[in-house]
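Here is a short report on charged pairs and a surface patch. Start by looking over the sequence and the fold.

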Amino acid sequence: MSFEDLLDQACKSARLPEMARILLPSTLSEETKKLVLKLEPEEFGAILKAAIDQINHGSVETVDVLVRKALQE
């Protein structure tokens with residue numbers, strides 16, 4: 001599965017808005033994109049939703065950093 005396909009499915013499963021789907025590819029590093037290819041779409045969607053929620057609640061960390069932290073847990 002390509003990163004784009006995974007992202008499409010993850011955004012759908014997490015019910016993220018279309019604007020998030022458009023902007024997310026540019027916010028993730030190539031290394032992070034490779035790491036998330038090992039995940040199921042639902043798991044990746046949950047990580048993305050959690051990262052976006054953290055930012056919406058005042059986190060100053062990037063989506064890329066928050067996704068990587070979630071992958072290490």
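## A pair between E61 and K69

E61 is partly exposed, at 30% relative accessible area. Its salt-bridge partner is K69, with N and O 2.6 Å apart. K69 is also partly exposed, at 39% relative accessible area. This is a predicted model.

## Pairs within helices

Helix α3 covers residues 30–36 and holds both K33 and E30. The side chains of these two residues form a salt bridge, with an N to O distance of 3.4 Å. K33 and E30 sit 3 residues apart in the helix, so about one helical turn separates them. K33 is buried, with a relative accessible area of 14%, whereas E30 is exposed at 53%.

Helix α5 spans residues 63–72 and contains R68 and D64. They are 4 residues apart, about one turn of the helix. A salt bridge joins R68 to D64, with the closest N and O atoms at 3.7 Å. R68 is partly exposed at 23% relative accessibility. D64 is buried, because its relative accessible area of 13% falls under the 20% cut-off.

How many salt bridges does a search of the whole structure find? There are 7. A network of salt bridges links E4, D8 and R21. Side chains of opposite charge can pair when their charged atoms come close.

## A nonpolar surface patch

M19, I22 and L23 make up a nonpolar patch on the surface. Together they have about 300 Å² of accessible area. M19 belongs to helix α2, which runs over residues 18–27.

Definitions and conventions
Residues numbered from 1 in each chain as written. Predicted model: local features only at pLDDT ≥ 70, side-chain atom pairs only at ≥ 80, totals over all residues. Heavy atoms only, no water. Patch = residues over 30% accessible without salt bridge, like charges linked within 9 Å, V, L, I, M, F, W, Y side chains within 5 Å. Areas by Shrake-Rupley, 256 points an atom, 1.4 Å probe, with all protein chains shown as cover. Salt bridge = Lys/Arg side-chain N within 4 Å of Asp/Glu carboxyl O. Helix = DSSP H or I, 4+ residues; strand = E, 2+ residues; numbered from the N terminus. Buried < 20%, exposed > 50% of the residue type's maximum accessible area, 1.4 Å probe, protein only.
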